[in-house]
Amino acid sequence: MDILLQALPALFDAFELILQPVVLGYLIMGVIMGLAVGVFPGLGGIAGLSLLLPFMFGMDPVLGLALMVGMVAVVPTSDTFASVLMGIPGSSASQATVLDGFPLAKKGEAARALSAAFASSLFGGLVGAVFLTFFILIARPIVLKFGTPEMLMITIFGLSMVAILAGRVAIKGVVAAGLGMLVGTIGEGDSAGALRMASYDFPYLTDGLKLVIVGLGIFAIPEIIALLRQDRSISENAKLGGGWFDGVRDWWTNKWLSIRCSIIGVIVGVIPGLGGSVVDWIAYGHAVQTTQDKSQFGKGEIRGIVGPESSNNAKEGGGLVPTLLFGIPGSGSMAIFIGAIALLGSGDIEVGPSMLKSNLDITYSIVWMLAFANVVGTLLCIAASGGIARLTTIRFTLIAPFLFMLISFAAFQSGQNLMDLVALFALGLLGIMLRRFDWSRPAFLIGFVLSDPAETFANQAVQIANFRFRESMEAGLQYIFSPIVIVLVIVTILSIVLGIRQAKNIMAEGNVKSGSKRAPLIFLIVIFAYIIAAYWNAALIPDHSSADRIFPLFVGGVSILGCIILIIQMIRVDETNTIFADREANGDDENATYGLWPTLAWFGFLLVLCAVIGFILALAIFLVSFLRVRAGLSWTHSILYMIAGITFMCFMAWVLGRDFPPGILQATFNLPWPLK
Amino acid sequence: MNTYIRRVAAIIAASASFTLPAFADVDMSGKTIEWTIPFSEKGGSAKWANFFAPLLSEALPGNPTVVVKFMPGAGSTKGANWFQKQKNGDGTVLFGTSGSTQFPYLLDDPRVRYEYKDWEPVMASGTGGVAYLNADAGAKFDGSANGLKDINFIYGSQGATRLDLVPLLAWQMLGMNVEPVFGIKGRGDGRLMFERGEATIDFQTSSGYLKGSAELVAEGRAVPMMTWGSLNAEGDIVRDPTFPDMPTFKEVCEATDGCETSGETWDAWKAFFVAGFPSQKIAFLPAGTSQEIIDTFANAFKKVKARPDFADISKKRIGKYPMYTGADAQAALGQATTVSTKAKDFVVSWLKDAYGVELK
């Protein structure tokens, strides 16, 4: 009761702070900037906030907060555009949206998918704000209950979603996830700094692969190439079906799902250290498990959009709890957010426990600004979705070169290294093969994203548990099997059992027919070879760094077992079995107008050109030749399109203060921006 | 819409009114300086860089944007190895190291692929450290560690060859049983582990203590045990000016049975303390940066130090410690990257005996 008496006046003070025209103005300004940055895959809250940072020093705290909160709040909203329209996971928050969003766009229902996503986002954001208003007062003791074993269990729960996304052959899903985790361990280990599948002679890999590149490579490139080979529009009959109003109605029909997923989002967001990487998978899994007819998932089930999108905006709200109460950021953008708060005014707002005592009004105004920014951002997005959805009716060959341009630029931003583009191409090839042979790409991505938390939490939980057990058996058991852990174990087991039982009905990537034995077997053997190499490489890590050895050995061992079982199965069953799924043998890809390799070669052409003459010059040649040769436009049109594309690219890079990938030419001659 | 953003940004820029007249040097206007910190967002180095970044932006000619970036991993070795490869001499890459970067270098850790001598120091600042206990153990602490010897402590550590070497060796000298849990990514994670009750003892550098742990002490959930102290002009350890009420490790050691403030162990501890704390955090430009740019940065940091309000704002955020620029920073770097062979040999064999760490 005391708490409420203290909270209510602060809540009113907060509304008084927010509802000033100038504050609202700054908030809307932040929202618009956030939307503009967020539509770019790979440029999320971090890029946006870095853009704002120079203006924060000494700024009025409430105005500065309005600008920043406005921006942070809408990034998970606007990245939905890329997920639905292009099949690119714009950020870790919208990975799961791709699974059903993109198939809907292919059916010509992009506007419906977008507006359902936006309505869910909005609702999630509001549920998050309401929940936080009360929860923030009691959050601290609850958050402190989540120790290392609990975080490890949540990570494992996230991994258990692999079961439901594994597809028709469960073991293939397990191996795909294992491969994802092994790819996630590439580089210097976090515990002891040992190198895994990397060498100091080849420095690029020592930092590990970035999520942006893996996401673009595994999801975006295979889809772009596949669509390009068909030579038609994204929407299969070049017509728009359901409008934005249908999407809002879809959300309303599924409002209970939306509420549940929002609460999942807030709760997972509240736990420091997990960030947003698991939340949309957990929400997606929940949506699948609570749906009667599961046959449409992966083919354009609207519930597969409502679930994750409700959770990811709610998660941003939840993420404020560790940020504000402990000074511990839940994500990269929150880290910059904390840095920026210290710059505001005279620097007297300090994130940490004092936010509840001396700055409760500021805390509440952040929570409600977040909600308000969600409303503004969503309305803008819904209003725009009908128009933007029309992109799906344009002949894809005209869009593809510009997508290549965007994803190359986005990939380069992650490491500012030409090798980023090579990595993108390599992962793209892997993604194409995973797609072709019906290996679960979501399972791969879940494995990749959760590899790092799974390893770190497992290492630490084992160390602490050891000490506790040495103290006494009881202390050890008490530490490992806390009530929260037990609940999570039960939930995880249920989720795996249900998942495996249902997985056969859920073809996250559509039905893929089987072909001959040879190609799928060769691909399996290549994967097997990599896993063995990674296992062997980890086994060679010396004892002083043994903490970095255990995880890849364990994951590698399980994956090797999976591969052996698959090989035995492949030898024993005949070639019509689903295990031999091959898109090239049957269906869309077999009948495509263009072959895989000539299409991929265009992208390769851009990269090679780029390595020689730098990004902008390469882009000019690539755009013109692609549009002229492949799309068959006239010279005039090709050149005009090229100029438009390059102008846009330069403008974005200039606003964001970014450079372009340089080539050999740039290493030899000093050229002016943007050519440098 | 994009022109709109640009225009809006210009309006904000004008209204924020932070521009100072810029003098000579290299004009950096319009550039973005990425200041990379090889730790997570939560620890003392993050707070140190976040404190200096806006001041630096203001002091550099042309007021470039200074963004603090984080590249945690392997107790800062990952970030330092990355920095060694940077050849961008135009002043847009800045790097901040800490004692945890210096120690593996001093100990010839095989993971170290960086060479301090290649880099160009532009600013160095000292810090102190505070060790604290949970409430239970704190009740048994009476200025000596005599009452703490039967307790098994758990400590979240970034690795025994990192800055944690100083507290781990100190606790061992006091006869305490402290089990380190390795693999955390910054001292902030250690604090959170302490707050959750998983760890029962913790240590923070001064800025981390001021902004995080002091609150725990005020709430009665933590009890400060000791500081590492500060060096006076004669090279003796005296009380830390930021925490004048806390005893130093030297005082606690003198009061504790079996702990000696002389001899081989003490000398090794002191040598690593001197390398790790009084000139702990150093800002570097990469190898091959032109002298012009180095001077520009050194001057900018000088300007920061000369601000009339500097003493006041720095006291609250990073504590009262000396800050060195230019040639002084170079001297500080020398102090931070040399220890006697004797001290080094002692620590190497201690690491092997106590933690099974072999630096080969």
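The dialogue below takes up chain A, then chain B.

Guide: Please note at the outset that this is a predicted model.

Visitor: How many helices and strands does chain A have?

Guide: Chain A holds 28 helices and two strands. Of its 676 residues, 59% count as buried. Among the contacts in chain A with a separation of 6 or more, 81% join residues 24 or more positions apart.

Visitor: Into which domains is chain A divided?

Guide: Domain 1 of chain A covers 2-394 + 440-511, and domain 2 covers 512-589. Their contact draws 26 residues from domain 1 of chain A and 24 residues from domain 2 of chain A.

Visitor: Is A:Leu540 buried or exposed?

Guide: A:Leu540 has 11 other C-beta atoms within 10 Å, so this residue is exposed. A:Leu540 belongs to the loop between α23 (518-539) and α24 (550-572) of chain A. The C-alpha atoms of A:Leu540 and A:Arg196 are separated by 9.5 Å, although the two are 344 residues apart along the chain.

Visitor: Let us turn to chain B. Into which domains is chain B divided?

Guide: Domain 1 of chain B comprises 10-127 + 278-336, and domain 2 comprises 129-276. Taken over C-alpha atoms, the centres of the two domains of chain B are separated by 27 Å. The contact takes 27 residues from domain 1 of chain B and 24 residues from domain 2 of chain B. On the side of domain 1 of chain B that touches domain 2 of chain B, the elements giving two or more residues are α2 (44-59), α4 (99-106), α12 (310-318) and α13 (326-336) of chain B. There α4(B) gives the most, with six residues. That side of domain 1 of chain B divides into 10 nonpolar, 12 polar and five charged residues.

Visitor: Why is strand β2 of chain B largely enclosed by the rest of the structure?

Guide: In a regular strand the side chains alternate between the two faces of the sheet. As for β2 (residues 65-70) of chain B, six of the six residues are buried, so the strand is largely enclosed by the rest of the structure. One side carries B:Thr65, B:Val67 and B:Lys69, the other B:Val66, B:Val68 and B:Phe70, and both faces are covered.

Visitor: In which sense do strand β1 of chain B and β2(B) pair, parallel or antiparallel?

Guide: Strands of a sheet pair through backbone hydrogen bonds, either parallel or antiparallel. Strand β1 (residues 32-37) of chain B and β2(B) pair in the parallel sense, over six bridges. Within this pairing, B:Glu34 stands opposite B:Val67 in β2(B).

Visitor: In what order do the three strands of the open sheet in chain B stand?

Guide: The order is β8-β5-β9 (chain B), and the pairing is antiparallel. The edge strands, β8 (201-205) and β9 of chain B, each pair on one side only. On average, neighbouring strands of this sheet are turned by 30° against each other, direction ignored. Strand β5 (residues 129-134) of chain B and β8(B) pair over five bridges, with B:Gly129 opposite B:Thr205 in β8(B). Helix α8 (residues 206-218) of chain B packs on the sheet, touching β5, β8 and β9 of chain B, and its direction makes about 140° with that of β8(B).

Visitor: Which residues does B:Met225 touch, not counting residues up to four places away in sequence?

Guide: B:Met225, which lies in strand β9 (residues 222-227) of chain B, touches B:Ala131, B:Tyr132, B:Leu133 and B:Phe141 on that count. B:Met225 and B:Tyr132 are 93 residues apart in sequence, yet 4.7 Å apart in space, C-alpha to C-alpha. B:Met225 counts as buried because it has 27 C-beta neighbours inside 10 Å.

Visitor: At what angle do the axes of helix α10 and helix α14 of chain B cross?

Guide: The axes of α10 (residues 264-276) and α14 (residues 341-355) of chain B cross at roughly 100° and come within 9 Å. The helices α10(B) and α14(B) are therefore roughly perpendicular to each other. In their contact, B:Glu264, B:Asp267, B:Ala268, B:Ala271 and B:Phe272 of α10(B) meet B:Ala343, B:Phe346 and B:Val347 of α14(B). By class, this contact has six nonpolar, no polar and two charged residues.

Key:
Residues are numbered from 1 along each chain as its sequence is written. Chains are lettered from A and ligands numbered from 1 in the order in which they are written. This is a predicted model: local features need pLDDT of at least 70, side-chain atom pairs count only at pLDDT 80 or more; totals for chains, interfaces and linings use all residues. Domain bounds come from an automatic or database domain assignment. Two residues are in contact if their C-beta atoms, placed from the backbone, lie within 7 Å. A residue is buried if 20 or more other C-beta atoms lie within 10 Å of its own, exposed if 12 or fewer, and partly exposed in between; C-beta atoms are placed from the backbone. Helices (H or I, at least four residues) and strands (E, at least two) are DSSP runs, numbered from the N terminus. Two strands pair if DSSP finds at least two bridges between them. Axes are lines fitted to C-alpha atoms, for helices over the stretch in contact, and angles run from 0 to 180 degrees between N-to-C directions. Angles under 35 degrees count as roughly parallel, over 145 as roughly antiparallel, 65 to 115 as roughly perpendicular and the rest as oblique. Ala, Val, Leu, Ile, Met, Phe, Trp, Tyr, Cys and Pro count as nonpolar, Asp, Glu, Lys and Arg as charged, and the others, Gly among them, as polar.
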